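The sequence and the structure are shown first.

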Amino acid sequence: MYVCVCNAITDREVHAALAGGAAGTAEVFRHCDAQVRCGRCVATMRSMIGDHSCAGERRHVTDAEPVGTGKGTHKRCRDCSR
Ligand code: FES
């Protein structure tokens, strides 16, 4: 699936960037040798980055409590610092 249509960046490439240590959208773009153009993909990338950063704590998700309200709400894992 294409995450960034402007740069033809797929979800696999984003996951590869995250596995390679990218921790933000700028680092994902840098990993993919691309630059933000329209910006429509940024929210999706941020969501993927958030999912990736909590991946180690997913085993605790049953204990998770919602954090925040509205857009950007996520479940905080027991050991998640976000
Ligand atoms: S969809 Fe990624 S910059 Fe346009």
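## Overall architecture

Along its sequence, the protein chain runs in the pattern β-β-α-α-α-β-β. In total, its secondary structure amounts to 3 helices and 4 strands, where helices (H or I, at least four residues) and strands (E, at least two) are DSSP runs numbered from the N terminus. The model is predicted: local features need pLDDT of at least 70, side-chain atom pairs count only at pLDDT 80 or more, and totals for chains, interfaces and linings use all residues. Residue numbers start from 1 along each chain as its sequence is written.

Of the 82 residues in the protein chain, 17% are buried. A residue is buried if 20 or more other C-beta atoms lie within 10 Å of its own, exposed if 12 or fewer, and partly exposed in between, with C-beta atoms placed from the backbone. Among contacts with a separation of 6 or more, 27% join residues 24 or more positions apart; two residues are in contact if their C-beta atoms, placed from the backbone, lie within 7 Å.

Helix α1 spans residues 11-19, and its buried residues are Val-14, Ala-17 and Leu-18. These lie on the same side of α1 because they cover an arc of only 100° around the axis, the arc being that of the directions from the helix axis to the C-beta atoms. An α-helix has 3.6 residues a turn, so residues three or four places apart point the same way.

The buried residues of α1 are covered by elements that include β1, β2, α2 and α3. On the face turned away from the buried side, α1 carries the exposed residues Arg-12 and Ala-19. Just after α1, Gly-21 adopts a positive phi of about 110°.

## The nonpolar core

The largest nonpolar core has 11 residues in all, namely Val-3, Cys-4, Ile-9, Val-14, Ala-17, Leu-18, Ala-22, Val-28, Phe-29, Cys-41 and Met-45. Such a core is a set of buried Ala, Val, Leu, Ile, Met, Phe, Trp, Tyr and Cys residues joined through C-beta atoms within 7 Å. Two or more residues of this core come from each of β1, α1 and α2, and α1 gives the most, with 3 residues.

Beyond its neighbours within four places in sequence, Met-45 is in contact with Val-3, Val-14, Thr-25 and Val-28. Ala-22 belongs to the loop between α1 and α2, yet Ala-22 is buried because 21 other C-beta atoms lie within 10 Å. Residues up to four places away aside, Ala-22 touches Ala-17, Glu-27, Val-28 and His-31. The C-alpha atoms of Ala-22 and Ile-49 are 8.6 Å apart, although the two are 27 residues apart in sequence.

## Loop residues

Most residues other than glycine have a negative phi. Ala-8, in the loop between β1 (2-4) and β2 (9-10), has a positive phi near 55°. Ala-8 counts as exposed because it has 11 C-beta neighbours inside 10 Å. Asp-33, in the loop between α2 (25-31) and α3 (42-53), also has a positive phi, near 55°, and is exposed, with 8 other C-beta atoms within 10 Å.

Val-36 lies in the loop between α2 and α3 and counts as partly exposed, with 15 C-beta neighbours inside 10 Å. Residues up to four places away aside, Val-36 touches Phe-29 and Val-42. A distance of 8.2 Å separates the C-alpha atoms of Val-36 and Asn-7, which are 29 residues apart along the chain.
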